[in-house]
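Q: How do I read the features of a fold one at a time? Please take me through a case.

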Amino acid sequence: MSTILRTGALHTIDPAATGDAVHIADGRILGVGSFDELRASNPDAGVDDRFADAVVLPGFVEAHAHSMAGGMWQHLYVGYFDNRDPDGRVWPGCTTLDEVIDRLREADAALDDPNAVLRAWGLDPIYFPGDRLVAEHLDRVSTTRPIFVFHASLHLATVNTALMEREGINADTMMDGVPKDGAGNPIGELQEPAAMSLAGDALIGMVRSFMAPPGVRAFGDLARNAGVTTIADLGSGPIASDAIAEMWQQVVNDRDFPARVSVFHNPGQGGPAGLDDVTALILRRRAESTDKLRFGGVKFVLDGSIQGYTARVTEPYVNGKDNGLWLIPPDQLAEWIRPVIDAGLLLHVHCNGDQAVDVLLAAFTEATGGQPPADHRTTVQHSQLTRLDQYERMAELGMGANLFSNHFWYWGDQHVDLTVGPERAAGMNAAATVLSLGIPLSIHCDASVTPLGSLHVAWCAANRQTPSGRVLGPDERLDVGQAMHAITMGAASQLRMDHEIGSITPGKRADLVALDTDPFVAGAEGLRDINVLSTVLGGEHHPVG
Amino acid sequence: MSTPKIPLTVIGGYLGAGKTTLVNRILTGDHGRRIAVIVNDFGDVAIDEALLEPATGGLRALANGCVCCAAVDGLASALADVAALDPAPEHVIIEVSGVGDPWAVAQWGRTPRYELDGVVVVVDPLAIERWVVDPYVGDTVRAQLGAADLLLVSHADDEPEASERVAEWLINMAPAPVIIGSDVSLSLLLGRPTLGIASERPHADHVTVSFTPATTDRDVLQAWLDAAPDGVVRVKGFVPDGDDLFAGQRFGHRSEVRRASVAVDPVMVVVCAGSTMPPEVGPWCARLESGQVGDGV
C-alpha cells in the first residue's frame with residue numbers, strides 16, 4: 001500500500017520534481033506532484049495529512065559530527081550558548097562563572113548518592129577572558145562530592161578539592177598540566193590527557209559513557225530534533241574493534257533509531273597500524289553496511305583547532321601564540337592516503353588551517369600522480385582558512401569542501417580579536433568562493449564541538465554574523481537556496497549517498513523533514529528561528545522530542 | 001610505602017630518525033632487564049607482544065595526541081595494563097609518533113604507578129639540519145630537540161662524519177647531552193637499576209660512580225643535582241632526611257626530587273658519558289657524600 005503525503009509547501013531540492021505532495025511506498029519516493037494529480041493517478045493510495053500545514057524538504061544531511069554529542073548529555077551541560085538536549089529541553093547557556101556554579105549547585109542538590117561524582121561538560125574559557133574556573137569555585141558547590149568539569153576542548157578539566165583529595169592530587173603532584181598557586185597547591189585545573197587521567201574514574205567513566213549504546217541512541221535523537229535524517233560520525237571510537245562495530249549495528253539498525261549513520265574510521269584512533277590492513281578492515285566493514293548504517297569512509301586528522309590555536313596556519317596567530325600541531329607527519333600523509341584512494345574508499349581529511357591544506361594538496365597530488373580517479377569525493381573537512389589559490393587547486397583535483405560555518409556564531413568575535421584577526425576572519429569558511437569555483441560544498445556543525453543544528457549552520461553560512469553583530473565577509477554569504485542545498489544534496493554527495501538521499505526525487509529513499517516555517521519565506525535572517533516538527537525516515541515518521 | 005613506581009622513558013624524534021631501530025635493539029638486547037615498550041603511533045597502542053604476550057590481550061586504541069575518547073582512554077589503559085603485569089616490568093618505554101611531543105607524553109611518567117625517567121630524542125644526522133628549518137615541521141622538530149634529556153645521533157656507523165658534525169651542532173641547538181652511536185649502553189639510555197636488579201657488562205661509552213649520601217634536606221639535594229658538572233648524563237639515588245627518604249634524579253639537564261615510594265638504603269649513582277670521569281665530578285660527589293653541600297652550589 002502506498003501513501004500520498006500532502007504538504008503545506010514542498011521544496012524538493014530537485015529542479016525536476018515540483019508539487020505539493022509526495023507519493024511514498026516501501027520507504028521510497030514513487031512520485032512528486034500536485035496532490036490532486038497524484039490522487040487521481042493513484043486512487044488506491046492512502047493519504048497522510050500530518051504535514052498538510054507544514055513545509056517539507058528532504059531530510060537534512062550532516063556530513064561531520066561525532067556520536068559523543070549524544071553521550072555527553074548523560075552529564076550536566078555548562079556551556080556558554082543555549083543548547084537543546086536529546087529530549088528537546090533547551091538548557092540556557094551559562095554566560096558567567098556564577099551561572100556555571102549555580103547550575104552545578106542545582107545538579108548537586110538533585111543527586112541522591114552523596115558520593116557520586118558530579119560530571120559536567122561544555123565549558124569554554126575563551127568566553128571568560130581574565131577569569132578562570134578553578135577548584136575554589138567548585139568548592140562553593142560541594143566540599144564533599146567530587147566534581148569534574150570537562151572543558152569544551154576536551155583537553156582540559158577543572159576539578160574540586162574533594163576530587164583532588166580522593167585521587168591524591170596535592171602539593172607533591174609534579175606534572176606539567178597541574179598548575180599550582182603561590183603556596184604550591186594545585187588550583188584544580190588538569191591540562192591534557194596525562195594530567196586529566198589523575199582524576200581517575202571521574203574522567204574514565206565519563207569518556208566510556210560517550211561510546212555506550214544510550215549515548216549513541218541520544219545521538220539519533222539529536223539528529224531527529226535537528227531535522228537530520230542522515231549523519232556522519234567522523235570518528236568517535238575505533239571501528240576496528242568488533243565490539244564497537246557491533247554496538248553501532250545493534251543501535252542504528254534498530255527500527256526505532258531515527259537516522260542513517262555513515263561511520264568513518266579514523267586510523268589515528270586505533271585499529272591496525274599497517275596501511276593494507278586498514279584498507280582491508282574498512283572494505284570488510286563496508287560489506288557489513290545496511291540501508292541505515294554505512295561503513296567505508298576513512299578520515300584523517302591533520303591539525304587541530306583554530307580556537308585552540310592548534311590549527312596549522314601559514315601566517316601566525318595575531319595574539320602571538322605558537323603555530324599549531326600536526327597529528328600526522330606531513331611527509332607521511334601521501335603514503336597513508338594512497339591505499340585508501342586506490343581501494344576506492346571515501347577519504348575525508350580534517351584541515352582547519354591553511355598550512356594543513358597545503359600539505360593535503362601536495363600529498364593528494366603525490367598519491368594520485370596528479371590524476372585522481374573519477375568521482376573520488378575526497379573532501380577537505382572544516383577547510384576554514386583555505387585560501388583562494390588552494391580552492392583553485394582543489395577544484396582542479398575535484399575535491400570537495402565541508403565548511404565549519406557555525407564558527408561565525410560560536411567563535412567569530414574571538415577569531416577577529418584573538419586568533420586570526422579581522423582580514424582572515426572575513427575570509428573564513430568562504431562558501432561563495434567554493435561555489436563559484438564549482439567545488440562541491442557542504443556545511444557542518446561538528447557536534448559536539450558546536451550544537452547539532454542544520455538550520456543554524458545554514459543561518460551562519462547565509463549571514464556570517466557574530467554574537468556582537470559583526471558580519472564577517474558579507475560577499476561570502478550564501479542565499480537560502482544555496483544554504484538548503486549545502487545541508488541536503490551537498491552533504492549527501494560528499495558521503496557518496498546522493499543517489500539515494502539528499503533530494504525528494506522519485507526512486508530515492510523517503511527521508512524528509514517537516515518545518516513550521518518555509519525557509520524561502522523566512523529568508524536568510526530567519527533560518528535559525530524555524531522549528532523542526534518531525535522527520536520521516538524511509539517513510540516512517542519521527543516527531544521531534 | 002606503596003608499590004614501587006616503574007621508571008618510564010619516552011623515545012621521540014621525527015620520521016625516520018631511528019626510533020624503532022633503537023627500540024628493537026633494546027628489546028632484543030642481552031641485558032636481562034624486563035622492559036615493556038608501548039608504541040604510541042598511528043593505529044592501536046601496541047604493547048610489544050614478544051615481551052608481554054600473556055598479559056596484553058586486546059590492545060587498546062589510542063590517538064596520537066588527537067582530541068577524542070580514545071586519546072584519553074588509550075594510553076591510560078595501556079599503561080595500566082603494563083603496570084598490572086606480574087611480575088611488573090622494570091622499565092617502560094613509550095615510543096612516540098614522529099610528530100608527537102615527547103615532553104607531553106612524558107607527563108604520563110608522573111601518573112601514580114610510574115616515575116618519569118626522561119626523554120630520549122633520536123636524531124638522523126643526514127636529515128636533522130633540513131628538518132629544523134622545514135616550513136611545516138621545523139617548529140615541531142625544534143620542540144622535540146628542546147624536550148630531550150638525551151640526544152642520540154643515529155646512523156653513526158654509516159655516516160661517521162655527518163654524525164660528528166651534527167653532534168657539535170646539536171650542542172648549541174639544545175640543552176641536553178649528545179651521544180653518538182647506535183650501540184649506546186642501557187646505563188646511559190635508561191639508567192642503571194638503582195635497586196640492583198640486574199647488572200650490565202662494562203661498556204666503553206660511560207663511567208659510573210656510586211656512593212652513600214649523607215642526610216640532607218630536599219632543597220639542598222635539589223641544588224646539588226642542579227649543579228651537576230658537564231659530562232654527567234644521569235644521577236639517581238635515595239637520600240635520607242630524618243624519617244623521610246627522598247628520591248633524587250637527574251637526566252640530561254633536568255633534575256627532580258620527590259618523596260621516595262619505596263624503602264631502600266641511601267645510595268647515589270652517577271653516570272657520565274665517555275671513557276673517563278670528568279675531573280669536577282669527584283669533588284662534586286664528595287660534597288653530597290660528606291653532607292657539606294653548602295651554599296656554594
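A: Start with a definition. A crossover is right-handed if, with the strands pointing away from the viewer, the path from the first strand over the helix to the second runs clockwise. Keep in mind that this is a predicted model.

Q: Which elements make a right-handed β-α-β unit with E17(A)?

A: E17(A), H11(A) and E18(A) make that right-handed unit.

Q: In what sense do E17(A) and E18(A) pair?

A: In the parallel sense, over 5 bridges. Look at Val298(A): it stands opposite Leu347(A) in E18(A). E18(A) and strand E19 (residues 379–382) of chain A pair in the parallel sense too, over 4 bridges. There, His350(A) has Gln381(A) in E19(A) as its bridge partner.

Q: How many residues of strand E18 (residues 346–351) of chain A are buried?

A: The count is 6 of 6, so read the strand as mostly covered, taking buried to be 20 or more other C-beta atoms within 10 Å. Leu346(A), His348(A) and His350(A) point one way. Leu347(A), Val349(A) and Cys351(A) point the other way. Both sets are buried.

Q: Now a helix. Why do residues three or four places apart in an α-helix point the same way?

A: An α-helix has 3.6 residues a turn, so such residues point the same way. Check the case of H10(A). Its buried residues are Val278(A), Thr279(A), Leu281(A), Ile282(A) and Arg285(A). They cover an arc of only 160 degrees around the axis, which puts them on the same side of H10(A).

Q: Which residues are exposed on the other side of H10(A)?

A: Asp276(A) and Arg284(A) are exposed there. The buried residues of H10(A) have covering elements that include helix H9 (242–252), strand E16 (260–265), strand E17 (293–301) and helix H11 (333–342) of chain A.

Q: What should the 12 residues of helix H10 (residues 275–286) of chain A span?

A: At 1.5 Å a residue, they should span 16 Å. The end C-alpha atoms are 17 Å apart, which agrees.

Q: What is the strand order in the open sheet of 5 strands?

A: The order is E2-E6-E22-E23-E24 in chain A, with mixed pairing. Strand E2 (9–10) and strand E24 (540–543) of chain A stand at the edges. Each has a single partner strand, so one side of each is left without a neighbour in the sheet. Within this order, strand E22 (residues 512–515) and strand E23 (residues 532–537) of chain A pair in the antiparallel sense over 4 bridges. Ala514(A) has Ser534(A) in E23(A) as its bridge partner.

Q: What separates the centres of domain 1 and domain 2 of chain A?

A: First take the bounds. The domain assignment gives domain 1 (72–208) and domain 2 (211–537) in chain A. Taken over C-alpha atoms, their centres are separated by 29 Å. The contact takes 12 residues from domain 1 and 14 residues from domain 2 of chain A.

Q: Last, a loop residue. Is Ser448(A) buried or exposed?

A: Ser448(A) is buried, because 26 other C-beta atoms lie within 10 Å. Its loop runs between strand E21 (441–443) and helix H17 (454–463) of chain A. Now look along the chain. Ser448(A) and Gly70(A) are 378 residues apart, yet their C-alpha atoms are separated by 7.9 Å. Leaving out residues up to four places away in sequence, Ser448(A) touches His66(A), Met68(A), Ala69(A) and Met72(A).

Terms used
Residues are numbered from 1 along each chain as its sequence is written. Chains are lettered from A and ligands numbered from 1 in the order in which they are written. This is a predicted model: local features need pLDDT of at least 70, side-chain atom pairs count only at pLDDT 80 or more; totals for chains, interfaces and linings use all residues. Helices (H or I, at least four residues) and strands (E, at least two) are DSSP runs, numbered from the N terminus. The expected span of a helix is 1.5 Å times one less than its number of residues. A residue is buried if 20 or more other C-beta atoms lie within 10 Å of its own, exposed if 12 or fewer, and partly exposed in between; C-beta atoms are placed from the backbone. The arc is that of the directions from the helix axis to the C-beta atoms. Two residues are in contact if their C-beta atoms, placed from the backbone, lie within 7 Å. Two strands pair if DSSP finds at least two bridges between them. Domain bounds come from an automatic or database domain assignment.
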